[in-house]
Every structure is written in structure tokens, then in C-alpha cells.
Amino acid sequence: MIDPRASLVGGGALVIFACCLTLMGIYRFYGRKPNWWITAATTCWALVGLAYYLVVVDSMAMRIVIFKSAQSIPIGLSLPFR
């Protein structure tokens with residue numbers, strides 16, 4: 001049996017990591033060097049935030065804010081390539 005909290009935090013971090021990998025693919029497509037620091041910082045920040053607001057303070061609203069803001073970072077960084 002896996003604790004459902006672990007799957008919530010892990011799944012959310014993996015989705016955010018996938019968004020960051022998409023940004024790195026966009027960078028590579030346009031001939032720029034991908035930045036691993038953005039990917040690592042965004043994923044770790046979101047992982048810590050999701051875990052805090054799930055384990056310490058149970059707040060679904062804050063988890064949604066953290067999840068959506070962490071997803072919007074790579075999307076926002078890809079806008080100059082339009």
C-alpha cells in the first residue's frame with residue numbers, strides 16, 4: 001500500500017517536470033542551450049510546496065496555486081519564441 005499523499009506529491013512533481021522538459025525541447029528546437037537550473041528549481045520548489053501544503057498544512061487551494069504557478073513558469077518562458 002502506498003500512501004495517497006506520496007502519489008499526489010510525486011505525480012504533481014512529475015507533471016511539472018514534464019512541462020519543464022517541454023520547455024527544454026522548445027529551447028533545443030530554436031537552437032538555444034537548455035537550462036537545467038530552471039527545470040531543477042521549478043520542480044524542487046513545487047515539490048517542497050506541494051509536500052508542505054499536504055503534510056503540514058492541509059490546504060487544497062494552496063496546492064492548486066503552487067501547481068498551476070509552477071506549470072505556468074515554463075509556459076511563460078516559451079512565449080518569446082512565438
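Two residues are said to be in contact when heavy atoms of theirs lie within 4.5 Å. The structure described here is a predicted model. Q71 lies in helix 3, and with a relative accessible area of 15% it is buried, because buried means under 20%.

The chain has 3 helices and 0 strands, and from the N terminus on its elements run α-α-α. Along the principal axes, the C-alpha atoms fill a box of roughly 45 × 25 × 15 Å. Of the 82 residues in the chain, 30% are buried. The exposed surface comes to about 5,600 Å², and carbon and sulfur atoms supply 72% of it. Contacts can also be sorted by separation along the sequence: among those between residues at least 6 apart, 60% join residues at least 24 apart.

On the helix 1 side, the contact is made by G12, V15, I16, C19, C20, L23 and Y27, and on the helix 3 side by F67, A70, Q71, P74 and L77. Sorted by class, this contact has 10 nonpolar residues, 2 polar ones and no charged ones.

Helix 2 (residues 36-56) also packs with helix 3, at an angle of about 170° and with the axes 8 Å apart. Since angles over 145 degrees count as roughly antiparallel, this is the term for helix 2 and helix 3. Helix 2 brings I38, T42, W45, A46, G49, L50, Y53 and L54 to the contact, while helix 3 brings M62, R63, I66, F67, S69, A70, I73 and L77. By class, 12 residues here are nonpolar, 3 are polar and 1 is charged.

The next feature is the nonpolar core. The largest one has 8 residues, namely V9, I16, A46, L50, L54, I66, F67 and A70. Helix 1, helix 2 and helix 3 are the elements that give two or more residues to this core. One of the core members is L54; setting aside neighbours within four places in sequence, L54 is in contact with R5, L8, V9 and R63.

F17 lies in helix 1, and T39 is found in helix 2. Is T39 buried or exposed? Its relative accessibility is 2%, so T39 counts as buried. Apart from neighbours within four places in sequence, T39 is in contact with F17, C20 and M24. F17, by contrast, counts as partly exposed because its relative accessibility is 29%, a value between the limits of 20% and 50%. Not counting residues up to four places away, F17 touches W36, T39 and T43. The C-alpha atoms of F17 and A41, 24 residues apart along the chain, are separated by 10 Å.

Terms used
Residues are numbered from 1 along each chain as its sequence is written. This is a predicted model: local features need pLDDT of at least 70, side-chain atom pairs count only at pLDDT 80 or more; totals for chains, interfaces and linings use all residues. Side-chain values use heavy atoms; hydrogens and water are left out. Helices (H or I, at least four residues) and strands (E, at least two) are DSSP runs, numbered from the N terminus. Buried means under 20% relative accessible area, exposed over 50%, partly exposed in between (1.4 Å probe, protein chains only). Accessible areas come from the Shrake-Rupley method with a 1.4 Å probe; for residues, only the protein chains shown count as cover. Ala, Val, Leu, Ile, Met, Phe, Trp, Tyr, Cys and Pro count as nonpolar, Asp, Glu, Lys and Arg as charged, and the others, Gly among them, as polar. A nonpolar core is a set of buried Ala, Val, Leu, Ile, Met, Phe, Trp, Tyr and Cys residues joined through side-chain atoms within 4.5 Å. Axes are lines fitted to C-alpha atoms, for helices over the stretch in contact, and angles run from 0 to 180 degrees between N-to-C directions. Angles under 35 degrees count as roughly parallel, over 145 as roughly antiparallel, 65 to 115 as roughly perpendicular and the rest as oblique.
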